[in-house]
Amino acid sequence: MRVVLETNVLLSALISPHGAPDAIYRAWRAAKFDLVTAFAQLDELRRANRYPKFQAVLQPHRVGAMFNNLQRAIVLDQLISDVEADDPDDSFLLAMALAGDADYLVTGDRRAGLLQKGNLGRTRIVTPAAFCLKVL
């Protein structure tokens, strides 16, 4: 099974060890599914972890460990550029799901419109809690 995790889900896993995002991250590390990411997402994660609001709550050693772990994910270098989302900043997530032939796209962002889509082709778009209930 292949899964795309929205960047905020990855950041949430770093912030709180007691939630669905962390359970999902730990399940991936335990090889329960294949994680699909892209250089675009890794760049976004690098930028986001430098934001002052995150620097106050992120532990540098956990961020470094996550980047090291992400090296064993399926990292896409080419994404389809004509995939559109309600929020243009989320287009690359949909492109990752398509290019990576993902079974799930996991997002906690209810305002961006991804969850309202429900699916993109074969990819089901779900919240972290729903993913935990259905898959883990």
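## Strands side by side

E1 and E4 pair in the parallel sense over 3 bridges; two strands count as paired if DSSP finds at least two bridges between them. Helices (H or I, at least four residues) and strands (E, at least two) are DSSP runs, numbered from the N terminus. Within this pairing, Val4 has Leu105 of E4 as its bridge partner. E1 is also joined to E2 by 3 bridges, and these two strands run parallel. Here Val3 stands opposite Leu35 in E2. Strand E6 (residues 123-126) is parallel to E4, again with 3 bridges, and Tyr104 has Arg124 in E6 as its bridge partner.

Please keep in mind that this is a predicted model, in which local features need pLDDT of at least 70 and side-chain atom pairs count only at pLDDT 80 or more, while totals for chains, interfaces and linings use all residues. Residues are numbered from 1 along each chain as its sequence is written, and side-chain values use heavy atoms, with hydrogens and water left out.

## The whole sheet

Now for the wider view. How many strands form the open sheet, and in what order? There are 6 strands, arranged E3-E2-E1-E4-E6-E5, and the pairing is mixed. E3 and strand E5 (119-120) stand at the edges with a single partner strand each, so one side of each has no neighbour in the sheet. Strands of a sheet pair through backbone hydrogen bonds, either parallel or antiparallel.

## Two nonpolar cores

A nonpolar core is a set of buried Ala, Val, Leu, Ile, Met, Phe, Trp, Tyr and Cys residues joined through side-chain atoms within 4.5 Å. Buried means under 20% relative accessible area, exposed means over 50%, and partly exposed lies in between (1.4 Å probe, protein chains only). The largest nonpolar core has 28 residues, and those with the most contacts inside it are Leu5, Phe33, Met66, Val106 and Phe131. At least two residues of this core come from each of strand E1 (2-5), H1, H2, H3, H5, E4 and helix H8 (128-134). H1 gives the most, with 5 residues. A second, separate core has 18 residues, including Val4, Leu76, Leu114 and Leu115.

Let us look at Leu5. Not counting residues up to four places away in sequence, Leu5 touches Leu10, Ile24, Leu35, Gln41, Leu93 and Val106; contact means heavy atoms within 4.5 Å. In soluble globular proteins, nonpolar side chains tend to be buried together.

## Helices with a buried side

Which residues of helix H5 (residues 60-70) are buried? They are Val63, Met66, Phe67, Asn69 and Leu70. These residues cover an arc of only 160° around the axis, which puts them on the same side of H5; the arc is that of the directions from the helix axis to the C-beta atoms. On the other side of H5, Pro60, His61 and Asn68 are exposed. The cover over the buried residues of H5 includes helix H1 (7-15), helix H2 (20-29), strand E2 (34-38), helix H3 (39-48) and strand E3 (74-76).

In H2, the buried residues are Pro21, Asp22, Ile24, Tyr25, Ala27 and Trp28. They pack against E1, H1, E2, H5, E4 and H8. Just after H2, Ala31 takes a positive phi of about 65°.

## Aromatic rings

Rings of Phe, Tyr and Trp (its six-membered ring) pair if their centres lie within 6.5 Å; planes under 30 degrees apart count as stacked, over 60 as edge-to-face and the rest as tilted. By this rule there are 4 aromatic pairs. One of them, Phe33 with Phe131, is edge-to-face, at 5.6 Å centre to centre and 85° between the planes. This pair links distant parts of the chain, 98 residues apart: Phe33 is in the loop between H2 and E2, and Phe131 is in helix H8. Both Phe33 and Phe131 are buried. Tyr51 and Phe54 are stacked, because their ring centres are 6.4 Å apart and their planes are at 20°. Tyr51 is partly exposed, with a relative accessible area of 40%, whereas Phe54 counts as buried at 13%.

Phe33, Tyr104 and Phe131 form one aromatic cluster. Elsewhere, the charged end of Arg72 sits over the ring of Trp28, 4.5 Å from its centre (the rule asks for NZ of Lys or CZ of Arg within 6 Å of the ring centre and within 35 degrees of the ring normal).
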